[in-house]
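Here's a quick tour of one protein chain. Have a look at the fold below, then read on.

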Amino acid sequence: MFRGLYTATSGMMANNRQQQVLTNNLANAATPGFKKDQTVMRAFPEQLIKAMESGGTTAGGAKLPGTQKSIGSLHTGVYTQEGIPSFIQGSLKNTGNSADLALLSSALPVNPDTGQQGAVSFAVALPNNEIRYTQNGQFTVNADGFLTTAQGFNVLNQDLQPIRVNSNEFTIGENGQITLADGTAANSLFLAYTENPQQFVKEGQNLLRWAGAPGAAPVAIEAAGLGNTGPLVQQGYIEQSNVDLTQTMTDMMKTYRGFESNQKIIQAYDRSMEKAVNEIGRV
């Protein structure tokens, strides 16, 4: 009986974790460049239950070891794995702002070994000079003329240095090439490509940290041999979140029903134990 309590409790905890992930997706449905998290529910390892049968005795009175008879397996509950970002491209929105840039990851090839499409990201520098990545191209030009994120992090060029554009009068080509207001070619955006974007870890403020092997860290699109893939940047647009509001709301309702079902199972166990203590105990 108590094993069933543990199993139902693990189901409630897994549903609760899924609901948290879905709620976070819903809260960021209007965040430019936000990538929704997906969760996977997995079962704990099964336990094999056996019955120990009593053994016989020898002529001298020594006991023989008992034999085991398999009864069956017992499921011990489920758990929810941490959210895995989905890098499916969101829809584009025209803003007319020259500092707004949208990434066109849909043009990237699919890895034939994994069947997954790679992803391209912008590179930014934290105040301690550590490199982070972002899909949010809603940039701005600060007072010193540098291209930064909304939080003030410098956007990096092909040499991983801050990009100075001096004003909003600049253009960026489809391959990331920057041309200043006077017509001179400046730098190119560092377009970081990886075949396995699932190795990114979200850090807040729409930033991504590479958590994979250092040797497999994102590289410039040219170094990956994808310079002629097609247009990768569109100026004057932002990529919207890839959260599907209708699907998210449906998933939240389904998750709530799962939580409610496990809750009712625990209540049924509670009534059974109450009956056992109050009625069977009187006999």
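## Ground rules

This is a predicted model, where local features need pLDDT of at least 70 and side-chain atom pairs count only at pLDDT 80 or more, while totals for chains, interfaces and linings use all residues. Residues are numbered from 1 along each chain as its sequence is written, and side-chain values use heavy atoms, with hydrogens and water left out.

## Overall make-up

The chain has two helices and 22 strands (DSSP runs numbered from the N terminus: H or I of at least four residues for helices, E of at least two for strands). Of its 283 residues, 34% are buried, meaning under 20% relative accessible area with a 1.4 Å probe, protein chains only.

Take the contacts (heavy atoms within 4.5 Å) with a separation of 6 or more: 66% of them link residues 24 or more positions apart.

## The nonpolar cores

A nonpolar core is a set of buried Ala, Val, Leu, Ile, Met, Phe, Trp, Tyr and Cys residues joined through side-chain atoms within 4.5 Å. The largest one has 27 residues, and Leu 147, Ile 178, Leu 189, Leu 191 and Val 233 touch the most other members. Strand 9 (119-125) is among the elements giving two or more residues; with three, strand 9 gives the most.

Leaving out residues up to four places away in sequence, Val 233 touches Leu 101, Ile 172 and Leu 189, among others.

## Helix 1

Helix 1 (residues 2-27) has 26 residues and should span 38 Å at 1.5 Å a residue, counting one less than its number of residues. Its end C-alpha atoms are 38 Å apart, which agrees.

Buried residues of helix 1 include Leu 5, Ala 8, Met 12 and Leu 22. Their cover includes strand 1 (37-38), strand 2 (41-43), strand 5 (78-80) and helix 2 (245-278).

How values were computed. Buried means under 20% relative accessible area, exposed over 50%, partly exposed in between (1.4 Å probe, protein chains only).
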